Amino acid sequence: MELDNVTRPAGQAQPLSDEDKRFLRELVETNRIEHHGRLSYMDIMFDLEHRYGNSLPGPVLGEVARLVGTSPAQLNGFVTFYTMLSTTPRGKHVIRVCTSGPCHVSGAPAILSSLRQLLGVDIGETTPDGMFALEASSCLGICGVSPTLMIDDDAYGNLTPEDLPRILNAKRAGGTQ
Amino acid sequence: MKLFSTQIIVPVDSNSVLQGALEIRHVLEETIAKFNLGSQVSVVETGSLGIYDRGVVLAVFPDDVYYGNVIPSDVEEIVTEHLLKGRVVSRLAIDRSLSFKRLVEKESGKSQQKIVLRNAGLIDPENIDEYIARDGYGALAKALAMQPGEVIQILTDSKLQGRGGAGFPTGLKWAMVAKEQSEEKYIVCNADEGEPGTFKDRLILEGDPHSIVEAMTIAGYATGAHVGIAYVRGEYFMSIARLKKAIKDAQAYGLLGDDILGTGFKFDIEVYRGGGAYVCGEEFALLESIENRRGEPRNKPPFPPQQGLFSKPTVVNNVETFANVPSILLNGSDWFKSFGTPSSAGTKVFSLSGDIVNRGIVEVPFGVTLRELIYDFGGGVKGGKHIGFIQTGGSAGTVLNDKYLDIPLDFASMKAYNVSIGSGVVLVAASDVPLLPFLAEVAHFFWHESCGKCTPCREGTLQVKAIMDALVNRTADPASLQRLGVLLNLLSDTSFCGLGQAAPLAFESALRNFQSEFDTALAESHVPETCQEET
Ligand SMILES: Cc1cc2nc3c(=O)[nH]c(=O)nc-3n(C[C@H](O)[C@H](O)[C@H](O)COP(=O)(O)O)c2cc1C
Ligand code: SF4
Ligand code: FES
Ligand code: FES
């Protein structure tokens, strides 16, 4: 078992526990858009990412596909289309640096290269300690304070490279949340 | 409502929150309690005050004093000096002219005209009573007393055109849905705001969510729809929360639900979230996404008013378009047409970004010029520099030089002068910002956001990106500009949806207005030896 954990990418081929299955069933049952009794896959996926460490493991998607009555391939097609969702494991905190026009003009390239250096990873990678995943993003809609980035649900603006160590340290110290 | 002699306004839009507004509010409330001022002073949360780059701003009314860059340790001084002793803390006071309205009245005699933003920054967006106190839901009551056709007629007469980019007449769109025979119809609010440089829809939703609830309900009555759906981009957490609260409160007041205002009209609104895909702003891609599928555009025709969500007649309107509707119904179409120009009625909300002194949003009548937007409202270019280039309309917009500063912006001049207004982006780059790396980023954006459904866009955006990168790295081969021209034509002529069709705009306009930048890059290019055989 130990070996399994090491050789398999986290969460990829782990069989689902009974608790997982119960959680997924409840999620699908309760996660209905209020008036129509319809399901929003997106809402479900966001909830799943919260539970499974910012990614959507294959077996989980398989079970959810069964529960909502679609095929795993269909659901996979849905998930891989949207950049906020990920099927590959990501760090505990997802850093999304805006690189679009307005942020580009205000210094986004310097922010991105500082982060690469500080974290020692490239875009699309997670730090070896599993703490941060670094991503480049299109406009985050807060261009009034460019250059910008988001870490999980928190937005940061008017950034300079000097601000970054403080922001990262605060997130690191934030512990488990 | 309790009456207080003094109000302190704390903007809690997300820009302010990320500068620490919530902590300031907390300290403020504690300090007011500590000095026993609770019965005289109220702390009111609002959306953005339109003042940027001044950290957390507090406004004290009726004194009309604004404080900027406020940090928690400043709060006690403001309370003891200003609130207790009536002395302005001059160390922190900022010139109110920073708020756009004053600035413009002072410098050019023009002022903002707030229709869409009439409540943003003035009312507590989470308090339905404050919205109602400012004539909120009055337009809905008025509409429900009319025939649906009369409501649409007012809208048609007002000449309101869509603010999401395409400018389609809103009254006509509603009329198309109204005349369809179907039990099931939908009203969809497009709040996917993804055009780089646009943040107005977020501020409307954060600052005045009830105006969208009211307008969607009016649209439902006018067209015979009973379900509204707001599709809000996934990152807009505060917009989503405020909108959901507004919907709940409206339900509690009988302004949504099975029997609205006792008229028997039934309407409700649901909120869906986006997943971070620019193409989902395209109306059919957005509907696909609501239907739990990949956000890929559909063939047109049929258009959404004929076969939209679940193949039923559907109105899709932008947030800003909806936000105009209540005022039009209350004040009439002639009132609305008194703003703007003959081709373009009403106002436009512009998002100012980049190297501009006062970044933020500004609402002005159509016909405004870039010079007014950048210098009068925006306070000019940072550091007193010259303008290098201006991008209007977003990444899917035009790249302009300073020769365009005095063209009045409206739907007619857009066509006449090849200037995009699009979603209202005005991105200014100072003269020391190099153009080609910027364009390479725009190319990267389209390549990244192409949904991949059609070949011209999927492959074309990749090729445009490669050429732009080569120009930046000075490795472009001599034929690359010619190839770029062919590619751009191919993209605009053969792409399946608006993404691929509009992607060339930035490059075509840059080639027109900054030809020498391209020529220089080409002249300085050396094709790497390893590649030479292939070219
Ligand atoms: C690639 C692409 C992205 C778009 N993004 C948006 C958007 O973010 N918000 C929006 O309102 N309209 C967007 N549109 C325009 C919509 O397709 C549609 O025209 C608009 O929502 C109609 O509303 P309106 O008539 O009120 O403007 C986009 C179009 C394209 C082709
Ligand atoms: S033009 Fe681009 S975004 Fe539109 S359908 Fe084709 S590939 Fe998708
Ligand atoms: S361009 Fe970066 S937030 Fe909009
Ligand atoms: S590297 Fe481009 S063809 Fe050789």
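1. Let us start with the surface of chain A. Its accessible surface comes to about 8200 Å², and 50% of that belongs to carbon and sulfur atoms. Accessible areas come from the Shrake-Rupley method with a 1.4 Å probe, and for residues only the protein chains shown count as cover.

2. A word on reading this model. It is predicted, so local features need pLDDT of at least 70 and side-chain atom pairs count only at pLDDT 80 or more, while totals for chains, interfaces and linings use all residues. Residues are numbered from 1 along each chain as its sequence is written, chains are lettered from A and ligands numbered from 1 in the order in which they are written, and side-chain values use heavy atoms, with hydrogens and water left out.

3. Now the fold of chain A. You will find eight helices and four strands, where helices (H or I, at least four residues) and strands (E, at least two) are DSSP runs numbered from the N terminus.

4. How much of chain A is buried? Of its 177 residues, 50% are buried; the term means under 20% relative accessible area, with exposed over 50% and partly exposed in between (1.4 Å probe, protein chains only). Among the contacts in chain A with a separation of 6 or more, 60% join residues 24 or more positions apart; a contact means heavy atoms within 4.5 Å.

5. Next, the aromatic rings. Over all chains there are 16 aromatic pairs. Rings of Phe, Tyr and Trp (its six-membered ring) pair if their centres lie within 6.5 Å; planes under 30 degrees apart count as stacked, over 60 as edge-to-face and the rest as tilted. One of the pairs is F23(A) with Y52(A), edge-to-face at 6.5 Å centre to centre and 75 degrees between the planes. F23(A) lies in helix α2 (residues 18-30) and Y52(A) in the loop between α3 (41-51) and α4 (58-68), so the pair ties together parts of chain A that are 29 residues apart in sequence. F23(A) is partly exposed, at 23% relative accessibility, whereas Y52(A) is buried at 17%.

6. Chain B has an edge-to-face pair to look at too: F61(B) and Y66(B), with 6.2 Å centre to centre and 80 degrees between the planes. F61(B) counts as partly exposed at 27% relative accessibility, and Y66(B) as buried at 12%.

7. Finally, return to F23(A): R51(A) lies over the face of this ring, at 4.0 Å from the ring centre. For such a placement, NZ of Lys or CZ of Arg must be within 6 Å of the ring centre and within 35 degrees of the ring normal.
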